[in-house]
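The sequence and structure are shown below.

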Amino acid sequence: MSYEHTTHKEITQDKDMIEEWRPTLGGRFQVSNFGAIRSSITGKKLKIHLNGQGYPHVNFSIALHLLVAEAFLGPRPKSMETNHKDGIKINARLDNLEYVTQMANHLHAVRLGLKATAKNGRHGRYKIKPKEAEEIRAFYKPGVKGFGQNTIAKKFGVARSAIRQLLRGKSFK
């Protein structure tokens, strides 16, 4: 199942597991091991939205995966981060979450190809060359699957934000 075609509903469905709910945020809400959240009072599931970085959120500022990890794994130890084992940010299921060091999280992201490095072609300070900028502008077709900013970013080994800035004329003219 690829990241681009995966939905939260597909990830949370599992016929072999039983959904377990635990309190969070002072008991006003409950999170499940499937990565869902509901009101403790009404039992109604809350709508999940993706924030600007692609993490599932509800109407408060804490990412869903952090709530699930804290409820089921316990408080996050100091100097540790919550890692998605499969690298898919929308997969907030308990079996996909673990606490790791910042370095382990970074190396995991590099291994999965989620973060670029000088070794795999690009690094954080990589500058898009003029020829590449022309190619990117020609390739980009808003609303057409396979020709969007994410696809272009992967093709050129740069962050999506770099593509967005280039297309808005903010970083490369």
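In which handedness of crossing does H5 pass H6? The crossing is right-handed, a term applied if the near helix is turned clockwise from the far one by less than a right angle (anticlockwise gives left-handed).

## Basis of the model

This is a predicted model, in which local features need pLDDT of at least 70, side-chain atom pairs count only at pLDDT 80 or more, and totals for chains, interfaces and linings use all residues. Residues are numbered from 1 along each chain as its sequence is written, and side-chain values use heavy atoms, with hydrogens and water left out.

## Packing of H5 and H6

Helix H5 (residues 149–156) packs against helix H6 (residues 160–167) at about 115°, and their axes are 8 Å apart. H5 and H6 are therefore roughly perpendicular (65 to 115 degrees).

Gln149, Asn150, Ile152 and Ala153 of H5 meet Arg160, Ile163, Arg164 and Leu167 of H6, contact meaning heavy atoms within 4.5 Å. These residues comprise 4 nonpolar, 2 polar and 2 charged.

## Packing of H4 and H6

Helix H4 (residues 130–139) crosses H6 at roughly 85°, with the axes coming within 10 Å. H4 and H6 are therefore also roughly perpendicular to each other.

On H4 the contact involves Ala133, Ile136 and Arg137, and on H6 Ile163, Leu166 and Leu167. By class, there are 5 nonpolar, no polar and 1 charged residues.

Histidine 84 lies in strand E6 (residues 80–84).

Leaving aside residues up to four places away in sequence, histidine 84 touches Tyr55, His65, Lys89, Asn91, Asn96, Leu97 and His108.

Technical notes. Axes fitted to C-alpha atoms, helices over the stretch in contact; angles between N-to-C directions. Helix = DSSP H or I, 4+ residues; strand = E, 2+ residues; numbered from the N terminus. Parallel < 35°, antiparallel > 145°, perpendicular 65-115°, else oblique. Nonpolar A, V, L, I, M, F, W, Y, C, P; charged D, E, K, R; others polar.
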